[in-house]
Amino acid sequence: LGLMPVLRQAIQKNFPDSVGRSEDSARFAAALIGGPFCSMLSHPPDTFKSCMQGDVERTKFGSMRETCGVLVKERGITSLWAGAPWRIFRQLVAMMIFDKCASQLSMTLFPHRF
């Protein structure tokens, strides 16, 4: 969420005649940049967590490091990003919605800051 306002403002400033023309188009462009970037960075740890949660008895997956080793050994390094397209799409939509809500509600909830 901290990346979205920065990207949106940069897009509006640098591309005022195209994608930065309106706040919503800049928001969409910022989500297209920020969503995948943040998702790709955070996806492997989320994959480890999901595997560890599914292995309640801890018979296959132990610590985060052990889980990473098992996944890479069994399915290769790309397994760390399994399911990434769905997560990126969800993150992109969520970032647009959160940024829109934050932009609209912040003036109402915190008028003394504007």
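Predicted model: local features only at pLDDT ≥ 70, side-chain atom pairs only at ≥ 80, totals over all residues.
On to the fold. What does the secondary structure of the chain come to? You get 4 helices and 0 strands, and reading along the sequence gives the pattern α-α-α-α. The chain is more spread out than a compact globule, because its radius of gyration is 19 Å, well over the 13 Å that the globule rule gives for 114 residues. As for its extent, the C-alpha trace spans about 55 × 30 × 20 Å along its principal axes.

Now for packing and surface. Buried residues account for 29% of the 114 residues in the chain. If you take the contacts between residues at least 6 apart in sequence, 49% of them join residues at least 24 apart. The accessible surface comes to about 7700 Å², and carbon and sulfur atoms own 66% of that.

How far does the predictor trust all this? The mean pLDDT of the chain is 91, with 99% of its residues at 70 or more. Where is confidence lowest, and where is it highest? Two helices mark the ends of the range, as shown here:

| Helix | Residues | Mean pLDDT | Confidence in the chain |
|---|---|---|---|
| α3 | 64–75 | 96 | highest |
| α4 | 84–109 | 87 | lowest |

Methods:
Residues numbered from 1 in each chain as written. Heavy atoms only, no water. Rg over C-alpha atoms; globule rule 2.2 N^0.38 Å. Buried < 20%, exposed > 50% of the residue type's maximum accessible area, 1.4 Å probe, protein only. Contact = heavy atoms within 4.5 Å. Areas by Shrake-Rupley, 256 points an atom, 1.4 Å probe, with all protein chains shown as cover. pLDDT = per-residue confidence, 0-100.
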